[in-house]
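Hi,

Here is the model I promised to pass on.

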Amino acid sequence: MEYRRVGDSGLVVSELSFGAATFGGSGDFFGAWGDTGVDAARAMVDMCLDAGVTLFDTADVYSDGASEEVLGAALRGRRDRVLISTKAALPTAPDDWGTSRSRLLRAVDTALRRLQTDHIDLFQLHAYDAYTPIDEVLHTLDTLVEQGKVRYTGVSNFSGWQLMKSLSLAERHGRTRYIAHQVYYSLIGRDYEWELMPLAAAEGVGALVWSPLGWGRLTGRIRRDTPLPQRSRLHATAAAGPPVDEDLLYAVVDELDAIAAETGRSVAQIALNWLLRRTSVSSVIIGARDEHQLRENLGAVGWQLDDDQVARLERVSSREAPYPHFPYYRQDGFARLNPPVGADR
């Protein structure tokens, strides 16, 4: 396991982190992800710690808070060995949503109680709240940092302008600055690269990648002209996840199969390993229903795809970017002014 700074901050995390959305299993939606209880969660935490994982991610909306409760119980006695990330903003009740001052203060206190801890290492806004002024949000997060309840702050699922405006206002008013952006990014969902990745590289914001296996589609068990596996959570959750073109999906899976045959690695391990080489990625969040899945995902580190294999995956997974991003690739004059992220200028 390697360790990386989150953006330009001093926070250092493991390149793989563990997502606890499968903990708790409350409700139809999250119940389809998994229903891991405390004993099984403790065993998974043991496996993660043995592998060198340091960051554990959850959210108040996961199983109506049960994920935070199970994670807190599973970490009892070893809180000093881990970093905890949690999130708030999405509705947890008809009248309980957003990032107003009162909501954030209440959400953090509730999370601390559920997680059985006195501080949250990384507190993230789960979505942008258009109803609350950005400076109110930033001021509230400042208060939580000053109180010692939160160490670092970040966001999730923000658009480029939402993140950039927040960073600009934080700088202008001397507020706590977001260091992380938790984003969807996978071989079948590379939209992050078009705007959010250049922003992250320019502004020093680290990416924490959620659903790196394309909402469960790159596990190696989804095949062309084959029914979904009976246990696949896609039966219950596909409509709520990122849209995926089936032709793209199966083309990527075919290439993953070919590279799996060459390397002796699994399809999931190859998809995860590809992400670990991407610009601005601080950590890739893996989840698992059981110890077998977790063991497989943890095997994504400690080795590297070769340059040819990376290039093949990039070719098969590429899609034409929408305006105003496509001129970077299609018109030489624009490309000269805007080289790809990481290229020599």
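For the exposure labels below, buried means under 20% relative accessible area, exposed means over 50%, and partly exposed is in between (1.4 Å probe, protein chains only). By that scale Tyr128 is partly exposed, at 24%, whereas Phe158 is buried, at 5%.

Some housekeeping: this is a predicted model, so local features need pLDDT of at least 70 and side-chain atom pairs count only at pLDDT 80 or more, while totals for chains, interfaces and linings use all residues. Residues are numbered from 1 along each chain as its sequence is written, and side-chain values use heavy atoms, with hydrogens and water left out.

Now the rings. Phe, Tyr and Trp rings (six-membered ring for Trp) pair if their centres lie within 6.5 Å; planes under 30 degrees apart are stacked, over 60 edge-to-face, the rest tilted. That gives eight aromatic pairs. Tyr128 and Phe158 have ring centres 5.5 Å apart and planes at 90°, so they sit edge-to-face. Tyr128 is in the loop between β6 (120–125) and α5 (134–146), and Phe158, 30 residues away, is in the loop between β7 (150–156) and α6 (160–173). Helices (H or I, at least four residues) and strands (E, at least two) are DSSP runs, numbered from the N terminus. Tyr128 also pairs edge-to-face with Trp161, with centres 5.5 Å apart and planes at 70°; Trp161 is in helix α6, 33 residues from Tyr128. Elsewhere, Phe18, Phe23 and Phe56 form one aromatic cluster.

As for the fold, β3-β4-β5-β6-β7-β8-β9-β10 make a closed barrel of eight strands with parallel pairing (strands pair if DSSP finds at least two bridges between them).

Cheers
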